[in-house]
Amino acid sequence: MRKIDGASGVGYRVGLVGDIERRVRRYIEGCFNVDPIGRVVVLASGGLDSAVLLKLLDVMGYKIVVVTINTRSRTPRERMALKDIVSEIKNVDAFHELEAPDLREYVEILGEGYGGYVRREPYYIPARNVIFLGYAAYIAEIYGAKVIATAHNRGDSSVLPDVSEEFMSKVSEILSTYIPGLRICMPLSMLDKVEVAILGISIGAPIDKSWSCYDNLDRPCGRCRGCLERERALEAARKLLSATHV
Ligand SMILES: [Zn+2]
(Lines give C-alpha, C1' and ligand atoms only; values in the text may rest on other atoms or scores of the structure.)
Protein backbone atom coordinates (compact mmCIF):
# COMPACT_ATOMS: atom_id res chain seq x y z
CA MET A 1 0.00 0.00 0.00
CA ARG A 2 1.23 3.52 -0.79
CA LYS A 3 2.50 5.61 2.07
CA ILE A 4 2.77 9.38 2.22
CA ASP A 5 4.70 11.33 4.81
CA GLY A 6 2.59 13.49 7.10
CA ALA A 7 3.69 16.68 8.85
CA SER A 8 4.69 14.71 11.91
CA GLY A 9 6.92 12.49 9.84
CA VAL A 10 4.58 9.53 10.30
CA GLY A 11 3.52 7.67 7.17
CA TYR A 12 -0.23 7.49 6.50
CA ARG A 13 -1.63 4.57 4.60
CA VAL A 14 -3.96 5.83 1.91
CA GLY A 15 -6.54 3.14 2.71
CA LEU A 16 -6.97 4.53 6.23
CA VAL A 17 -8.18 8.00 5.20
CA GLY A 18 -11.88 7.07 5.17
CA ASP A 19 -11.39 5.31 8.46
CA ILE A 20 -10.58 8.56 10.29
CA GLU A 21 -14.16 9.84 10.18
CA ARG A 22 -15.58 6.44 11.16
CA ARG A 23 -13.30 6.22 14.22
CA VAL A 24 -14.16 9.73 15.41
CA ARG A 25 -17.89 9.17 14.87
CA ARG A 26 -17.70 5.94 16.84
CA TYR A 27 -15.97 7.75 19.72
CA ILE A 28 -18.60 10.52 19.67
CA GLU A 29 -21.51 8.07 19.68
CA GLY A 30 -19.94 6.30 22.66
CA CYS A 31 -18.99 9.38 24.67
CA PHE A 32 -22.22 11.29 23.91
CA ASN A 33 -24.29 8.29 24.97
CA VAL A 34 -26.65 10.20 27.26
CA ASP A 35 -30.42 9.85 27.11
CA PRO A 36 -31.80 12.31 26.17
CA ILE A 37 -28.72 13.84 24.56
CA GLY A 38 -29.99 17.43 24.68
CA ARG A 39 -27.51 20.11 23.72
CA VAL A 40 -23.77 19.68 23.50
CA VAL A 41 -21.53 22.43 24.87
CA VAL A 42 -18.45 22.93 22.69
CA LEU A 43 -15.44 24.82 24.02
CA ALA A 44 -14.10 26.45 20.88
CA SER A 45 -11.37 28.78 19.66
CA GLY A 46 -11.18 30.15 16.11
CA GLY A 47 -8.66 27.52 15.03
CA LEU A 48 -8.64 24.63 12.61
CA ASP A 49 -9.48 21.96 15.21
CA SER A 50 -12.55 23.87 16.43
CA ALA A 51 -13.79 24.36 12.86
CA VAL A 52 -13.49 20.62 12.20
CA LEU A 53 -15.17 19.55 15.45
CA LEU A 54 -18.07 21.99 15.02
CA LYS A 55 -18.66 20.85 11.44
CA LEU A 56 -18.59 17.17 12.36
CA LEU A 57 -21.08 17.61 15.22
CA ASP A 58 -23.24 19.67 12.86
CA VAL A 59 -23.19 16.92 10.22
CA MET A 60 -24.09 14.39 12.93
CA GLY A 61 -27.10 16.52 13.87
CA TYR A 62 -26.23 17.54 17.43
CA LYS A 63 -27.63 20.79 18.82
CA ILE A 64 -24.61 22.88 19.73
CA VAL A 65 -23.95 25.59 22.31
CA VAL A 66 -20.59 27.26 21.56
CA VAL A 67 -18.52 28.65 24.44
CA THR A 68 -15.33 30.64 23.96
CA ILE A 69 -13.14 32.48 26.46
CA ASN A 70 -11.55 35.83 25.70
CA THR A 71 -8.25 35.84 27.56
CA ARG A 72 -6.05 38.93 27.66
CA SER A 73 -3.95 38.27 24.58
CA ARG A 74 -6.57 36.59 22.45
CA THR A 75 -6.53 38.38 19.13
CA PRO A 76 -9.61 40.10 17.68
CA ARG A 77 -8.79 38.30 14.44
CA GLU A 78 -9.24 34.91 16.09
CA ARG A 79 -12.48 36.00 17.73
CA MET A 80 -13.75 37.10 14.34
CA ALA A 81 -12.70 33.76 12.84
CA LEU A 82 -14.84 31.86 15.34
CA LYS A 83 -17.83 34.03 14.52
CA ASP A 84 -17.28 33.30 10.82
CA ILE A 85 -17.01 29.57 11.51
CA VAL A 86 -20.15 29.57 13.65
CA SER A 87 -22.06 31.36 10.88
CA GLU A 88 -21.43 28.27 8.71
CA ILE A 89 -22.71 25.78 11.29
CA LYS A 90 -26.44 25.18 11.02
CA ASN A 91 -27.07 23.49 14.36
CA VAL A 92 -25.63 26.17 16.66
CA ASP A 93 -28.35 27.05 19.16
CA ALA A 94 -26.36 29.61 21.15
CA PHE A 95 -22.95 31.28 21.18
CA HIS A 96 -21.40 32.56 24.42
CA GLU A 97 -18.24 34.67 24.47
CA LEU A 98 -17.03 34.93 28.06
CA GLU A 99 -14.60 37.66 29.07
CA ALA A 100 -11.52 36.74 31.11
CA PRO A 101 -9.08 39.62 30.57
CA ASP A 102 -7.04 38.78 33.69
CA LEU A 103 -5.90 35.45 32.28
CA ARG A 104 -2.39 35.88 30.92
CA GLU A 105 -0.14 33.59 28.92
CA TYR A 106 3.28 32.42 30.08
CA VAL A 107 5.08 35.02 27.94
CA GLU A 108 3.08 37.85 29.51
CA ILE A 109 3.53 36.53 33.05
CA LEU A 110 7.30 36.32 32.56
CA GLY A 111 7.34 39.95 31.47
CA GLU A 112 5.62 40.93 34.70
CA GLY A 113 8.38 39.43 36.84
CA TYR A 114 6.56 36.74 38.81
CA GLY A 115 8.93 34.22 40.39
CA GLY A 116 8.56 30.55 41.27
CA TYR A 117 6.95 29.75 38.00
CA VAL A 118 7.71 26.46 36.23
CA ARG A 119 8.87 26.83 32.64
CA ARG A 120 6.08 26.16 30.18
CA GLU A 121 5.48 26.71 26.50
CA PRO A 122 4.95 30.41 25.61
CA TYR A 123 1.19 30.33 25.15
CA TYR A 124 0.38 28.25 28.22
CA ILE A 125 -2.12 29.79 30.65
CA PRO A 126 -1.87 28.55 34.26
CA ALA A 127 -4.74 26.24 35.26
CA ARG A 128 -6.26 27.00 31.89
CA ASN A 129 -8.48 23.97 31.42
CA VAL A 130 -9.78 23.90 34.99
CA ILE A 131 -10.94 27.47 34.40
CA PHE A 132 -12.23 26.94 30.86
CA LEU A 133 -14.06 23.73 31.77
CA GLY A 134 -15.53 25.56 34.77
CA TYR A 135 -16.98 28.17 32.41
CA ALA A 136 -18.26 25.40 30.13
CA ALA A 137 -19.89 23.66 33.12
CA TYR A 138 -21.59 26.94 34.04
CA ILE A 139 -23.08 27.14 30.54
CA ALA A 140 -23.90 23.40 30.53
CA GLU A 141 -25.86 23.73 33.75
CA ILE A 142 -27.90 26.63 32.38
CA TYR A 143 -28.83 24.60 29.28
CA GLY A 144 -29.25 21.27 31.04
CA ALA A 145 -26.45 19.87 28.85
CA LYS A 146 -24.68 16.65 29.87
CA VAL A 147 -21.80 16.76 27.40
CA ILE A 148 -18.92 19.20 27.10
CA ALA A 149 -16.76 18.65 24.00
CA THR A 150 -13.31 20.10 23.43
CA ALA A 151 -11.33 20.19 20.16
CA HIS A 152 -7.94 19.10 21.50
CA ASN A 153 -5.94 16.85 19.20
CA ARG A 154 -3.32 14.24 20.09
CA GLY A 155 -0.47 16.73 19.80
CA ASP A 156 -2.02 18.98 22.47
CA SER A 157 -2.03 16.24 25.08
CA SER A 158 1.67 15.62 24.53
CA VAL A 159 2.67 19.21 25.43
CA LEU A 160 -0.06 20.41 27.79
CA PRO A 161 -0.52 18.84 31.23
CA ASP A 162 -4.22 19.60 31.40
CA VAL A 163 -5.37 17.86 28.24
CA SER A 164 -4.77 14.21 29.18
CA GLU A 165 -7.56 11.61 29.40
CA GLU A 166 -6.78 11.22 33.10
CA PHE A 167 -7.08 14.95 33.76
CA MET A 168 -10.35 15.19 31.85
CA SER A 169 -11.89 12.22 33.63
CA LYS A 170 -10.98 13.69 37.03
CA VAL A 171 -12.51 17.05 36.08
CA SER A 172 -15.66 15.26 34.80
CA GLU A 173 -15.94 13.57 38.19
CA ILE A 174 -15.71 16.89 40.04
CA LEU A 175 -18.14 18.65 37.69
CA SER A 176 -20.63 15.78 38.15
CA THR A 177 -21.20 17.27 41.60
CA TYR A 178 -23.07 20.04 39.81
CA ILE A 179 -24.38 18.12 36.82
CA PRO A 180 -24.89 14.40 37.53
CA GLY A 181 -23.70 12.27 34.63
CA LEU A 182 -21.77 15.09 32.96
CA ARG A 183 -19.00 13.92 30.66
CA ILE A 184 -16.15 15.70 28.93
CA CYS A 185 -15.42 14.35 25.46
CA MET A 186 -12.39 15.01 23.25
CA PRO A 187 -13.42 13.60 19.86
CA LEU A 188 -10.24 14.69 18.08
CA SER A 189 -7.83 13.48 20.75
CA MET A 190 -7.11 10.29 18.81
CA LEU A 191 -5.95 12.30 15.77
CA ASP A 192 -2.79 14.23 15.03
CA LYS A 193 -3.01 17.58 13.24
CA VAL A 194 -2.70 16.06 9.76
CA GLU A 195 -5.54 13.64 10.47
CA VAL A 196 -7.68 16.52 11.81
CA ALA A 197 -7.00 18.39 8.55
CA ILE A 198 -7.88 15.31 6.47
CA LEU A 199 -11.14 14.93 8.39
CA GLY A 200 -11.91 18.64 8.01
CA ILE A 201 -11.34 18.68 4.26
CA SER A 202 -13.34 15.50 3.72
CA ILE A 203 -16.42 16.74 5.62
CA GLY A 204 -16.28 20.28 4.18
CA ALA A 205 -15.40 22.05 7.47
CA PRO A 206 -15.01 25.84 7.10
CA ILE A 207 -11.23 25.61 7.37
CA ASP A 208 -10.73 28.72 5.25
CA LYS A 209 -12.56 30.74 7.95
CA SER A 210 -10.36 29.47 10.79
CA TRP A 211 -7.40 31.39 12.19
CA SER A 212 -4.28 29.82 13.71
CA CYS A 213 -1.83 32.75 13.72
CA TYR A 214 -0.67 34.18 17.05
CA ASP A 215 -0.43 37.68 15.53
CA ASN A 216 -3.30 40.05 14.91
CA LEU A 217 -2.56 40.98 11.30
CA ASP A 218 -4.85 41.08 8.30
CA ARG A 219 -3.21 37.92 7.01
CA PRO A 220 -1.51 35.04 8.85
CA CYS A 221 2.20 35.82 9.47
CA GLY A 222 3.28 32.42 8.12
CA ARG A 223 6.12 32.16 10.67
CA CYS A 224 4.66 31.49 14.13
CA ARG A 225 4.08 27.97 15.46
CA GLY A 226 0.33 28.27 14.86
CA CYS A 227 0.85 29.17 11.21
CA LEU A 228 3.58 26.59 10.60
CA GLU A 229 1.70 23.65 12.14
CA ARG A 230 -1.46 24.56 10.27
CA GLU A 231 0.24 24.90 6.89
CA ARG A 232 2.23 21.70 7.30
CA ALA A 233 -0.90 19.78 8.29
CA LEU A 234 -3.05 21.16 5.47
CA GLU A 235 -0.36 20.56 2.87
CA ALA A 236 0.15 16.96 3.97
CA ALA A 237 -3.62 16.39 4.13
CA ARG A 238 -4.22 17.77 0.63
CA LYS A 239 -1.37 15.69 -0.78
CA LEU A 240 -2.76 12.58 0.84
CA LEU A 241 -6.33 13.21 -0.25
CA SER A 242 -5.32 13.90 -3.85
CA ALA A 243 -3.29 10.67 -3.84
CA THR A 244 -6.37 8.70 -2.79
CA HIS A 245 -8.19 9.96 -5.87
CA VAL A 246 -5.49 8.91 -8.35
ZN1 LIG B 1 1.39 33.32 12.41
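Predicted model: local features only at pLDDT ≥ 70, side-chain atom pairs only at ≥ 80, totals over all residues.

Biologist: Let's start with α2, then: how many residues does it have, and what is its reach from first C-alpha to last?

Modeller: Helix α2 covers residues 48-59, which makes 12 residues, and it reaches 17 Å from its first C-alpha to its last, close to the 16 Å expected at 1.5 Å a residue.

Biologist: And how many of the residues of α2 are buried?

Modeller: In α2, 10 of the 12 residues are buried, so the helix is largely enclosed by the rest of the structure. The buried residues are L48, D49, S50, A51, V52, L53, L54, K55, L56 and L57, and after the helix comes G61, with a positive phi near 90 degrees.

Biologist: What about G46, where is that found?

Modeller: G46 is found in the loop between β3 (39-43) and α2, and because it has 23 C-beta neighbours inside 10 Å, where 20 or more are needed, it counts as buried. Leaving aside neighbours within four places in sequence, its contacts are E78, R79, A81, L82, I85, S210 and W211.

Biologist: And how far apart are G46 and Y106 in space?

Modeller: From C-alpha to C-alpha, G46 and Y106 are 20 Å apart, with a separation of 60 residues in sequence.

Biologist: Switching to packing, at what angle do α8 and α9 cross?

Modeller: The axes of α8 (residues 193-203) and α9 (residues 225-244) cross at roughly 60 degrees and come within 8 Å, and the two helices are therefore oblique to each other. Their crossing is right-handed.

Biologist: Which residues in α8 and α9 meet there?

Modeller: From α8, the residues are K193, V194, V196, A197, I198, I201 and S202, and they meet E229, A233, L234, A236, A237, R238, L240 and L241 in α9. The residues of this contact of α8 with α9 divide into 11 nonpolar, one polar and three charged.

Biologist: How do the axes of α1 and α8 cross?

Modeller: The axes of α1 (residues 17-31) and α8 come within 9 Å and cross at roughly 90 degrees, so α1 and α8 are roughly perpendicular to each other. In this contact V17, I20, E21 and V24 of α1 meet E195, I198, L199, S202 and I203 of α8, and the residues divide into six nonpolar, one polar and two charged.

Biologist: Last one: is N153 buried or exposed?

Modeller: N153 counts as buried, because it has 25 C-beta neighbours inside 10 Å, and its place is in the loop between β6 (147-150) and α6 (154-159). Not counting residues up to four places away in sequence, N153 touches D49, L188, S189, L191, D192, K193 and V196.

Key: Residues numbered from 1 in each chain as written. Helix = DSSP H or I, 4+ residues; strand = E, 2+ residues; numbered from the N terminus. Expected span 1.5 Å × (residues − 1). Axes fitted to C-alpha atoms, helices over the stretch in contact; angles between N-to-C directions. Parallel < 35°, antiparallel > 145°, perpendicular 65-115°, else oblique. Left-handed = near helix turned anticlockwise from the far one by under 90°. Contact = placed C-beta atoms within 7 Å. Nonpolar A, V, L, I, M, F, W, Y, C, P; charged D, E, K, R; others polar.
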